[in-house]
Amino acid sequence: MKNLAVERKTSARIPTEVGEYQLCYYQNNQDQKEHLALVLGDIAGQQPTLVRIHSECFTGDVLGSLRCDCGPQLNQAMAQIAQAGAGIIIYLRQEGRGIGLLDKLHAYNLQDEGYDTVEANLMLGHQADARDYTIAARILDDLGISSVRLLTNNPSKIESLEQLGISVAERVPMPAALNVENAAYLATKVERMRHLLNLNGRSPYTPPPKPMPNGRPFVTLSYAQSVDGSITRQRGQPMPLSGQESLTLTHQLRASHDAILVGIGTVLADDPRLTVRLAAGSAPQPVIVDSQLRLPLTAKLLTQHPHKPIVATTETAASAKEHALLDLGATVVRLPATASGQVSLPALLAHLPQFNIRRLMVEGGAGIITSFLAAQLVDRMVITVAPLLVGGLNAVGNLNGHGLPRLQNPQTRWLGKDMILSGDVSWPEKQ
């Protein structure tokens, strides 16, 4: 947050069951939200000061929802500070790890379908954790605090405060309030967000496998385009569109899928690696749609990816090239062809569960994007819209009269200079 200004407007005495706090009200010039600080005792004489930085959770803090451990963490922090005789709770209005209450409820619905909290946020076009602790650091500055004993299980919070000039002298652990409803949520914190929780060395809950619509993987179509719908100036010539922030989101989205699919045109034009480099997580299994086995034997997907690609082709592809790819470790799957000689995408999707692929991310290029949409095989879309006009190759071509898809519950947000548009795909009945 550049040029951030934080101002304490007033404070008032707040007696609670565990002790008497002063509630300080802060305004700032960035988000116009009402961030708060609960202060107990003589904090000036208690450095490093016991501090909890707590992000707002209406469902947990107010309603007592069992889906998370936020309410118990807030209550526990208040009790520990009261027992210590001095300390601060900074209450940041960053509902749902910064995505807001509306999208948090959308994320809950995705979690009820089997997605974890990270996957749900990414599918809604957000980062896994969109919180920012700059305002918290400036509130601590205002209170005269430069060194803290931080009540947290989140190493990212510690790292952020240190980068913002607040010394974290000690991490004070917060034991997990584990129940049946939040077990998967806590496991995701440990396994995917580095939280330092003792869950007996293992995940306390294994979510059920996600249902596969029509016996095929769930398909997320994700790509970047310009305002006028272009993905490049000219076919076969790659053109970077996404900013760094949205590129990071793409890598997070990759890590939440079992496989990532591109067409041979994208491989020939970009020679991509399709790995996860800008986020935590494993690289998904690459799948290449290549009807005539044009995949170069020197492609990075053959030489620089931790998983050898699955190459989907047709019966007419050359056997000699298949053997060469097999010798390099690739898996070649021959499938029925369409009338135009392309790989049948329904046949491919029906085949992928044999490779334990339940979540498939499709990245393009234009032919693949159009073919998946024309075949009505897309369940969710996450589109990055860059703020420029290109006048080049459109991401989506002719859908051949199959009806226009619509986005249900569309979500939009800004990430750096890019707009992220996401939503579930609704298909009209075929005429």
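Student: Which residues are buried in helix H7 (residues 155–163)?

Tutor: Buried means under 20% relative accessible area, exposed over 50% and partly exposed in between (1.4 Å probe, protein chains only). Helices (H or I, at least four residues) and strands (E, at least two) are DSSP runs, numbered from the N terminus. In H7, the buried residues are Pro-155, Lys-157, Ile-158 and Leu-161.

Student: Within what arc do the buried residues of H7 fall, seen down its axis?

Tutor: The arc is that of the directions from the helix axis to the C-beta atoms. The buried residues line one face of H7, because they fall within an arc of 160°.

Student: What is left out of the side-chain values?

Tutor: This is a predicted model, with residues numbered from 1 along each chain as its sequence is written; local features need pLDDT of at least 70, side-chain atom pairs count only at pLDDT 80 or more, and totals for chains, interfaces and linings use all residues.

Student: Which residue takes a positive phi just after H7?

Tutor: The phi is about 95°. The residue is Gly-165.

Student: Nine strands form an open sheet, but which strands stand at its edges?

Tutor: Strands pair if DSSP finds at least two bridges between them. The order is E13-E12-E11-E10-E14-E8-E15-E18-E17, with mixed pairing. Each edge strand has a single partner strand, so one side is left without a neighbour in the sheet: these are E13 (331–335) and E17 (406–415).

Student: Which residue in E18 is the bridge partner of Val-382?

Tutor: Strand E15 (residues 380–386) and strand E18 (residues 418–426) run antiparallel. Six bridges join them. The bridge partner of Val-382 is Ser-422.

Student: Is Gln-32 buried or exposed?

Tutor: Gln-32 lies in the loop between strand E2 (20–28) and strand E3 (35–40). Its phi is near 60°, a positive value in a residue other than glycine. At 64% relative accessibility, Gln-32 counts as exposed.

Student: What does Asp-271 count as, at 26% relative accessibility?

Tutor: Asp-271 is found in the loop between helix H10 (264–270) and strand E11 (285–289). Its phi is near 45°, a positive value in a residue other than glycine. By relative accessibility, Asp-271 counts as partly exposed.

Notes: Side-chain values use heavy atoms; hydrogens and water are left out.
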